[in-house]
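Thanks for coming, everyone. I have a few local features to walk through. Let me put the sequence and the model up.

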Amino acid sequence: MKCADPASRLLSVCLRLLLLLTVTLAAPAQTIGNHPAIYDAHGTLLPWTPWRDAIEREVNWYLNCPVEHGYPRFVYITFMDGNYEPLPENASFIPATQDGMGIISYLKYYAWQGKKDPRILRMARYLGDYLLKEANTPDEGKYPRFPRSTGWRGKFPQPPDCGSQGDNPCEIQPDKGGIVGYGLVLLYRETGDGRYLQQAIHIANVLTANMVEGTATNSPWPFRVDYRTGAGRGAVSGNMAFILRLFDRLIELDHGEFQAPRDRLWAWIKNFQLPDLAKDGQLWVQFFEDHAEPDNRTAWAPLNLARYLLEKKQALDPDWLKHTRALIAFTNDHFTGIRHGVLICGEQTNDRKPWGGILSTYGAVLAMYSRASGSNEFKGVAYQALNYCLYAVNEDGCPGQKVDGPGRGGWQEDAHTDKLHNILDAIAAFPEWAN
């Protein structure tokens, strides 16, 4: 067989390029979240706008949120639309996670902006004040004055029987107290307001009083508890990282009474929970307020422990790098999938959608791991996951709760309060990503 002459080869190449161009032009532009998708020549998803611009738009949108009853609406509403109005179909509310993670987000943003805008610190205080004044159990029972995991929007304060979503009316979730207490300690350290510290100490004391011995089948606190009687429901609560954070912060402030429970908690994490990563993962179940399946593993709990290991490193665990890698591998094995050519992370066994909170958590932890380990294994994955997440932010700054379609508002934890701090953690790891 004779080879084609150069002119014929050139014509063939040109025809193929013309066909490819025709198909490309005829195909509709791909949309991710609220924007046309932008890819580079290698197929890497790029930001729709610089990260700095996206989060500034988002924060400015929240700074314009109407203030009523002494708080911006998103502080006491979980399901809010793109006009700052409550969504009528769901009046339930998750004060502890939504506002506790919001404190962390706004304090990180305040620091990132050089502590120049007092409105940002005021927003963190709005979140803390609501948790301090409006979202606690009565001063009675086994968990007195303890943060409410769930409730109902627009209640000042939340009534004694306010449990909603997966909680019974008088139930709380002990791990959510860890989130609130940790947020309040951070708020105390920034403002010097002793009210925040006193409530954080109280939360830690209540947790210590109700702590049990963790085993291969139960965590030191159950997932749900009747605050009146202490009766538990759900033997395992996978999120122990924030109670550990709370104890550690209080010990740093010379509250040595929390050293013993802290050590018992860390011993359970290291001797039981971390080894369970290589088994069936049943010590990583149950975090989300709207779910009660006893075998519902979550990505949120292992990723947030990984974040703490990456922050503390040797001071927390001599094997921090190995354990962090195992936590990421567990998450990749159980909760990830491909959307629009991007590896994304879902929340839990029973919900693998790319909600903003979990997807940003995933990207942030991978970025932190890449920086701390010096490995580029997950760096590109982290960058694209966070680019994907920010496609949910609209032009005016109103974010959507997830990225599998256009949207405005929704779950405020996923849209904003449990997302902003993750973007900032990734920027801390790779500052060039902000621009």
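**Loops, backbone angles and cysteines**

Start with Asp254: exposed, at 72% relative accessible area. My cut-offs: buried is under 20% relative accessible area, exposed is over 50%, and partly exposed is in between, with a 1.4 Å probe and protein chains only.

Some ground rules. This is a predicted model, where local features need pLDDT of at least 70 and side-chain atom pairs count only at pLDDT 80 or more, while totals for chains, interfaces and linings use all residues. Residues are numbered from 1 along each chain as its sequence is written, and side-chain values use heavy atoms, with hydrogens and water left out.

Back to Asp254. It sits in the loop between helix H8 (241–252) and helix H9 (259–273). Helices (H or I, at least four residues) and strands (E, at least two) are DSSP runs, numbered from the N terminus. As background, most residues other than glycine have a negative phi, and most peptide bonds are trans.

Next, Arg145. Its phi is also positive, about 45°, and again this is not a glycine. Arg145 lies in the loop between H5 and E7. It is partly exposed, at 35% relative accessibility.

Now a peptide bond. Phe156 to Pro157 is cis, with omega near 0°. Pro157 belongs to the loop between E7 and strand E8 (171–172).

On to Asn136. It is in the loop between helix H5 (118–133) and strand E7 (151–152). Leaving out residues up to four places away in sequence, Asn136 touches Leu131, Arg145, Phe146, Pro147, Arg148 and Gln199.

Last, the cysteines. How many disulfides does the structure hold? 0. A disulfide is a pair of cysteine sulfur atoms within 2.5 Å. For Cys162, the closest cysteine sulfur is in Cys170, 8.5 Å away, so too far for a bond. Cys162 is buried, at 0% relative accessibility. Cys345 is in no disulfide either; the nearest cysteine sulfur, in Cys389, is 11 Å away. Cys345 is buried, at 0% relative accessibility.

Key
Contact = heavy atoms within 4.5 Å.
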